[in-house]
Each structure stands twice: as structure tokens, then as C-alpha cells.
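Hi everyone, thanks for making time this morning. I'd like to walk you through one structure, helix by helix. Let me put it on the screen.

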Amino acid sequence: MQVAKMSGVEKAAVLLLCLGEEAAASVFEELSDTEVRMISRCMRSINYVPVNAVKEIMVEFQSMQKQYAGLFVKGGEFIKAAIEASPDKERVTKL
């Protein structure tokens, strides 16, 4: 398995397999149905990933993560949840 020849979808499939079901499920929640289908098709075809390929993909992911570091939020959902978490339900209704 040559990582340099792998598509982004194939690398994402390997990465999600390495991260586990719970992490994959969280990522899938943020993707479109088409993206989930593309990645899951690749995941189905993978039976073995050499350790050197795993390491290379993880290093690439970490590098990209640093390069594009930041905070992605859904501000509307965040503030709604934060306000609704208040024990003062009357205030929640007013806000």
C-alpha cells in the first residue's frame, strides 16, 4: 500500500478505521451522505493496512491539522445549548 498513490478518500478511510468506530461516527455526523458513502465504500474494501502506511497517514493528518488549526463552531447551536443549560427556566424562555 503506497500512501503517495492513495486518494484523499482512501486516506480518510484508513484514518477513520485507525481512530475507531466512535470517532468515525462523530466524523460521519459532520459529512454529507455522499461523503459518508464514498468513505464507507473504501473502508469496506480494506482488510489490512501496513503499519508504515498507518504511520504515514497519521503524520500527514497531524501536519494538516496543525496547518489548518482553528475552531469550527456552530454558533447558533452553541448559544442555544448554553442558554438552555441554565437552571433558571424562566430566564431561558425570555432569552
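Let's start on the outside: Asp-33, Arg-41, Arg-44 and Ser-45 are exposed, and they sit on the face of helix 3 turned away from its buried side. By exposed I mean over 50% relative accessible area, by buried under 20%, and partly exposed is in between, with a 1.4 Å probe and protein chains only. Helices here are DSSP runs of H or I with at least four residues, strands are E runs of at least two, and both are numbered from the N terminus.

A word on where this comes from: it is a predicted model, where local features need pLDDT of at least 70 and side-chain atom pairs count only at pLDDT 80 or more, while totals for chains, interfaces and linings use all residues. Residues are numbered from 1 along each chain as its sequence is written, and side-chain values use heavy atoms, leaving out hydrogens and water.

Back to helix 3. Which of its residues are buried? They are Ile-39, Cys-42 and Met-43. These residues cover an arc of only 105° around the axis, so they lie on the same side of helix 3; the arc is taken from the directions from the helix axis to the C-beta atoms.

As for length, helix 3 covers residues 33-45, and its 13 residues should span 18 Å at 1.5 Å a residue; the end C-alpha atoms are 19 Å apart, which agrees. The expected span is 1.5 Å times one less than the number of residues.

What covers that buried side? The cover includes helix 1 and helix 2 (21-30). Take Met-43, which is buried at a relative accessible area of 16%. Beyond its neighbours within four places in sequence, Met-43 is in contact (heavy atoms within 4.5 Å) with Ala-13, Leu-16, Leu-17 and Phe-28. For contrast, Arg-44 in helix 3 is exposed, with a relative accessible area of 62%.

Now over to helix 1. Its 12 residues reach 16 Å from first C-alpha to last, close to the 16 Å expected at 1.5 Å a residue. Lys-11, Ala-13, Val-14, Leu-15 and Leu-16 are buried there, and the buried residues of helix 1 pack against helix 2, helix 3 and helix 4. Just after helix 1, Gly-20 takes a positive phi of about 100°.

How do helix 1 and helix 4 cross? The axes of helix 1 (residues 8-19) and helix 4 (residues 51-67) come within 10 Å and cross at roughly 100°. That makes helix 1 roughly perpendicular to helix 4, a label for angles of 65 to 115 degrees.

At this crossing, Lys-11, Val-14, Leu-15, Cys-18 and Leu-19 in helix 1 meet Val-54, Ile-57, Met-58, Glu-60 and Phe-61 in helix 4. By type, the contact has 8 nonpolar residues, no polar and 2 charged. Here Ala, Val, Leu, Ile, Met, Phe, Trp, Tyr, Cys and Pro count as nonpolar, Asp, Glu, Lys and Arg as charged, and the others, Gly among them, as polar.

My last stop is Lys-11, a charged residue that is buried, with a relative accessible area of 17%. Not counting residues up to four places away in sequence, Lys-11 touches Val-3, Met-6, Ile-57 and Glu-60.

Note on methods. Axes are lines fitted to C-alpha atoms, for helices over the stretch in contact, and angles run from 0 to 180 degrees between N-to-C directions. Angles under 35 degrees count as roughly parallel, over 145 as roughly antiparallel, 65 to 115 as roughly perpendicular and the rest as oblique.
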